[in-house]
Amino acid sequence: MKRLSVIGIGAGDPDHLTMQAVKALNQVDVFFLMDKGPGKDALLDLRRDICRRYITDRTYRFVEAGSPERQREDLDYTASVEALNRAKQATFERLINEQLSDGQRGGFLVWGDPSLYDSTLRILQAILDSGRCVFEFDVVPGITSVQALAARHKVPLNSIGGSLEITTGRRLAAGRVGDAASTVVMLDAEDAYRQVSDPDTQIYWGAYVGMADELLIAGRLGDVADDIERTRKAARQANGWIMDTYLLRKP
Ligand SMILES: C[S@@+](CC[C@H](N)C(=O)[O-])C[C@H]1O[C@@H](n2cnc3c(N)ncnc32)[C@H](O)[C@@H]1O
């Protein structure tokens with residue numbers, strides 16, 4: 001039987017790895033690395049660094065595969081993500097069939113935690129359901145960027161007895177959020193916090209949290225929104241990409 005481990009590696013700080021993740025890393029024969037293009041080299045380097053740091057007395061190898069890109073034209077968001085996942089499914093199937101022998105264990109190193117805005121688990125389950133590949137897999141939880149953000153700002157995510165919504169910049173920008181007292185926004189490509197009407201909302205923003213380039217800004221939205229927008233723009237220009245998350249707390 002082929003086996004796979006889907007291992008949450010935390011949100012960018014190698015110290016985020018749990019003891020369970022370290023044990024799991026030390027059982028993997030082949031790590032599958034999905035290459036997302038030149039701008040994202042740092043994310044692959046971190047995965048290699050994690051293996052160098054934590055794997056002792058074991059030989060392993062990396063297999064890199066180009067990660068399919070989401071087509072942004074002509075399709076709505078959900079349809080384009082579904083198309084992307086079908087393309088990823090074909091890539092994963094090929095990797096498992098061609099690069100893993102019976103009795104070996106493959107590893108997927110998933111950013112943050114595999115349960116949060118990540119398709120690896122959905123894709124592996126779809127492959128199993130298709131019957132085209134046979135394997136067993138297990139999942140090791142990781143520290144999410146949401147937890148890392150809250151820790152760096154030293155704040156709880158929820159208000160007392162209040163609920164928390166985790167959503168995307170796209171949904172916030174479209175006004176498609178509920179009435180939770182606290183909202184965490186991820187995957188924001190469009191400065192969606194600009195759409196929040198109450199300037200007394202508190203925002204806790206962080207980019208590259210836990211990484212060398214970490215940026216943190218917190219305050220009353222009406223006071224800090226311009227600063228966040230300027231900082232995001234400068235970071236995008238300097239690095240070519242930005243990875244940021246924020247918590248909004250109603251007044
Ligand atoms: C595809 S989702 C993956 C989330 C990941 N599975 C997790 O558990 O955090 C990518 C989004 O996570 C957030 N993110 C991931 N790492 C981050 C970090 N170090 N600092 C700030 N935001 C981060 C950003 O909102 C980014 O757009």
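Predicted model: local features only at pLDDT ≥ 70, side-chain atom pairs only at ≥ 80, totals over all residues.
Leaving aside residues up to four places away in sequence, I203 touches Y193, I217, A218, G219, L221, V224, I228, Y246, L247 and L248. At least three of the core's residues come from domain 1 (2-140), and at least three come from domain 2 (145-249).

Now to the two domains themselves. The domain assignment of the protein gives domain 1 as residues 2-140 and domain 2 as residues 145-249. Their C-alpha centres lie 27 Å apart. Where the two domains touch, domain 1 supplies 13 residues and domain 2 supplies 14 residues.

Next, have a look at the ligand. It has 16 residues around it, and the ones that come nearest are A11, L116, S145, D244 and T245.

| Residue | Part of the residue | Ligand atom | Distance |
|---|---|---|---|
| D113 | backbone N or O atom | oxygen | 2.9 Å |
| D244 | polar backbone atom | oxygen | 2.7 Å |
| T245 | side-chain N or O atom | nitrogen | 2.7 Å |

How much of the ligand's accessible area does the protein cover? On its own the ligand has 570 Å² of accessible area, and the protein covers 89% of that.

Most residues other than glycine have a negative phi. Y117 is not a glycine, yet its phi is positive, at about 45°. You can find Y117 in the loop between strand 4 (105-110) and helix 4 (120-130). L187 is not a glycine either, and its phi is positive too, at about 50°. The place to look for L187 is the loop between strand 7 and strand 8. Are these two residues buried, partly exposed or exposed? Y117 has a relative accessible area of 40%, so it is partly exposed. L187 reaches 53% relative accessibility and therefore counts as exposed.

The loop between strand 7 and strand 8 also holds D191. Why does D191 count as buried? Its relative accessibility is 16%, and buried means under 20%. The side chain of D191 is joined to that of Y193 by a polar contact of 2.6 Å. D191 also touches E229 and R232, not counting residues up to four places away in sequence.

Finally, find R170 in helix 6 (residues 169-173). With 40% relative accessibility, R170 counts as partly exposed. R170 and G240 are 70 residues apart along the chain, and their C-alpha atoms are separated by 20 Å.

Key
Residues numbered from 1 in each chain as written. Heavy atoms only, no water. Domains from an automatic or database assignment. Contact = heavy atoms within 4.5 Å. Near = heavy atom within 4 Å. Polar contact = N/O pair within 3.5 Å; in protein donor to acceptor, adjacent residues only side chain to side chain. Areas by Shrake-Rupley, 256 points an atom, 1.4 Å probe, with all protein chains shown as cover. Helix = DSSP H or I, 4+ residues; strand = E, 2+ residues; numbered from the N terminus. Buried < 20%, exposed > 50% of the residue type's maximum accessible area, 1.4 Å probe, protein only.
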